[in-house]
Amino acid sequence: MEYLYLFSPRFNFIIAPIIYFYGFDLPGLAKFIRNRTAQIVLLLIIYVTVVFFIFLAMPGDYTTKFLDPKLMRNPEMYERMKKLFGVDDPWYVKYYKHMRNFFNLEMGISFSEYPRKVEEIIAERLPRTLFLFLASSVLSFLLGFDLGKRIAWRRGGLIDKAATFVGIVFWTIFTPFYMLILIWLFAVTLKWFPLSGFVTPAKWFNAPFSAQDVFIRLLWTEFFLLVMWIIGIVLASKLKTIKAKKIAAWSFVIAGVVLSIMYWSTNKMGSYALDIIYHLALPVIALVTLHFAGDMLVMRDTMLEVIKEDYITTARAKGLPDKVIRDKHAARTALLPLMTSFVIGLASTVSGGVITETMFSWKGMGLTLLDATTSQDTPLAIGCLVFTGVLVLVAHLVADILYAFLDPRIRY
């Protein structure tokens, strides 16, 4: 432990609580979370190692791209700079330095946006990506869940065949081509939405605040609406009748929307927030139409397997209404794979939005990762990938915990 502390003082504060809790005999779920947290730390170290060697294998080095060309003409000065940057160090020395910085939670300084720190750039770009993909993921999840359970319950009909066909088309369509069609139709031809970007520059000229401030407030508003929706669902699950469940769920959603509108209408950022939402509309339409297809097909296939179970037959034998059997018994169990896909997909979109953000010039994490990789900005590219890896690993843990709450058959 003394060597670990000397090697990484900050990382010691992360690993120490995990080691400390191994001294207690914890109950089932708490024990599971403790063991999974230890696994996450180990997997993260392996993941960071793999990412490091991938970038180490890339041809060239950053000194040829980011140093002043005048220095390049002076061989003596150039060699000194290469030595300063550690370009000619053995791979194990580079790996040691990289892991030491990682354990100390130091991501370095971006070459392409010098002298900004990597964590500062991530903190700036992350809200934009989260705001875009959180909205599209929730909408596609709700749409896919509802359509999937309905067409599975009435399988074999015209609606089932038509919805399945549409879902397969959107699931297999070439994403850049589809987005180009949407841009040509809605932005170029109909001019309903802006062509690209996330703000109108003329509107933000001499604005009393930055777009980043509005983005962060919009993101908090989005989280607030999500929490209100979750509270409504939890409260609805305690009620008995379907009508009472719907009233409870919709009451919280409507209350959240009303409070959000009141908040934005009473501050000076309201018109600027609408400008961002206006630019957000077309990317959200593109993502929802693409992602809901996969959610719908997953829900449909899982639902078809669930309705064959014995407890569904027992519920029907008891004379329960079809809507109660479908929504309370079948859909809840069939929701598990879809919920896993939603949670993990939401985490992976931090870097998985490269195509979307490039097509719509949305300066978020995906476009940042692409630019950093193509320009050999190694610290920024590794920082983006490591941040994404942390989110995905945590998302797996969240999905496993949700399983225990959604399915009474699962116990840890």
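Author: Let's start with the term itself: rings of Phe, Tyr and Trp (its six-membered ring) pair if their centres lie within 6.5 Å, and planes under 30 degrees apart count as stacked, over 60 as edge-to-face and the rest as tilted. With that rule, a search of the whole structure turns up 17 aromatic pairs. Take F209 and Y272: their ring centres are 5.1 Å apart and their planes sit at 85°, so this pair is edge-to-face. The two partners come from distant parts of the chain, 63 residues apart, with F209 in the loop between α10 (175-189) and α11 (211-238) and Y272 in helix α13 (residues 270-306). Helices here are DSSP runs (H or I, at least four residues), numbered from the N terminus, while strands are E runs of at least two.

A quick word on the source: this is a predicted model, where local features need pLDDT of at least 70, side-chain atom pairs count only at pLDDT 80 or more, and totals for chains, interfaces and linings use all residues. Residues are numbered from 1 along each chain as its sequence is written, and side-chain values use heavy atoms, leaving out hydrogens and water.

As for other rings, F52, F53, W91, Y92 and Y95 make up one aromatic cluster.
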